[in-house]
Amino acid sequence: MEAKRVVKALVSAGLSCLPVPKSRQLILCWHTFRNTENPELRRGYVSESRSQSILLFERQLTWLSKFGDFVSLDRMLGGVANESSNRWQIAITFDDGYRDNLSLALPVLKKFEAPVTLFVATDYIDSGKTPWWDLVDWVVDQGGVRTLDLGEGPRKFDLTHRVEEFRSVARRCFRGMQADEREARVIYLIEQLSAAIANDFLTWDELREFVSCSLCSVGAHTASHVNVAACSSAMLQDEIERNVNILNSRLGVDVRHFAFPYGSAREIGEAGPARVSKFGFEHAFSTYPACVDPSTNKKHVIPRMIVSPRLDFIEFRANIKKVALKDCFSVARYHK
């Protein structure tokens, strides 16, 4: 309770007002962006509720720049000390590979000279395949009463009144499936909807344009965004090797970093870090909200904080400070 009162009191202040944590290093993650003042013409469907306002993104970086330096993952994790003991190191990452990462977010990053690593799920690049999470959001946006089979038998969802129940059931089903079963279920669900739903991911030409910027690099995210804990050894090997090989061949890059899809302890699995390390990645990233602590030597389950598009600016600042404060007092450590 005391920690909560301290966080509330510091909502309007910068991180420099906090006690000195073990680490002044923080990795943040965004997914997709939207321009509310001048809507971008999308090639496919992306839920507005999952997209970060690009104006808010710029405001977030403005605030972060007041007490932190934007650095690449390589600089942060390569043991390079902060130029000033009072400044934080902040690394920006994007997940999946949406087109707006290039068209909307990159100009903002250039303004702040902020490096970024994009963790790419390559099966959705230039393919038109619909990720299950966008498919679920599309069903919710359409509304109405539907009888849908999500893997647990037919259920009738009134999406006017039972939206969150539908989301919960769908997420549990899709996130827990192996890639081949999930793909079959996605196809079956699309057949039930009788709808053609394209994605709005980058093309390979656009991804090459993205990595041609000196601020930008790419990392692995499995080919089809799988739950690592639910993957057999053979399935995981196929997912990662396909992911890395096509990034190497299409972009001519050396893929050194990996981000676990979903990234929670449940979806990484107890053996997940060791399983992923066998593929030669220098580092792997979770979505556990904590500061980076090099002293733990956990190079294959490094914490990374997802920035939810549902948060307003005040909530965003409060969440950042909460993570920093938690690290100051060692309330929790990641993936024990």
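**View 1. Phe 94 and the residues around it in the predicted model.** Leaving aside residues up to four places away in sequence, Phe 94 touches Trp 30, Phe 33, Phe 57, Asn 101, Ala 105, Leu 109, Val 116, Thr 117, Leu 118 and Phe 119, where contact means heavy atoms within 4.5 Å. A second, separate core of ten residues includes Val 71, Leu 73, Ala 91 and Phe 119; a nonpolar core is a set of buried Ala, Val, Leu, Ile, Met, Phe, Trp, Tyr and Cys residues joined through side-chain atoms within 4.5 Å. The largest nonpolar core has 89 residues, and Phe 94 is listed with Phe 57, Leu 61 and Leu 207 as having the most contacts inside it. This is a predicted model, in which local features need pLDDT of at least 70 and side-chain atom pairs count only at pLDDT 80 or more, while totals for chains, interfaces and linings use all residues. Residues are numbered from 1 along each chain as its sequence is written, and side-chain values use heavy atoms, with hydrogens and water left out.

**View 2. The salt bridge between Arg 42 and Asp 100**. The closest N and O atoms of this pair are 3.0 Å apart, a salt bridge being a side-chain nitrogen of Lys or Arg within 4 Å of a carboxyl oxygen of Asp or Glu. Because Arg 42 lies in the loop between β2 (32-34) and β3 (51-53) and Asp 100 in helix α4 (residues 100-112), the pair ties together parts that are 58 residues apart in sequence; helices (H or I, at least four residues) and strands (E, at least two) are DSSP runs, numbered from the N terminus. Asp 100 is buried, with a relative accessible area of 0%, where buried means under 20%, exposed over 50% and partly exposed in between (1.4 Å probe, protein chains only).
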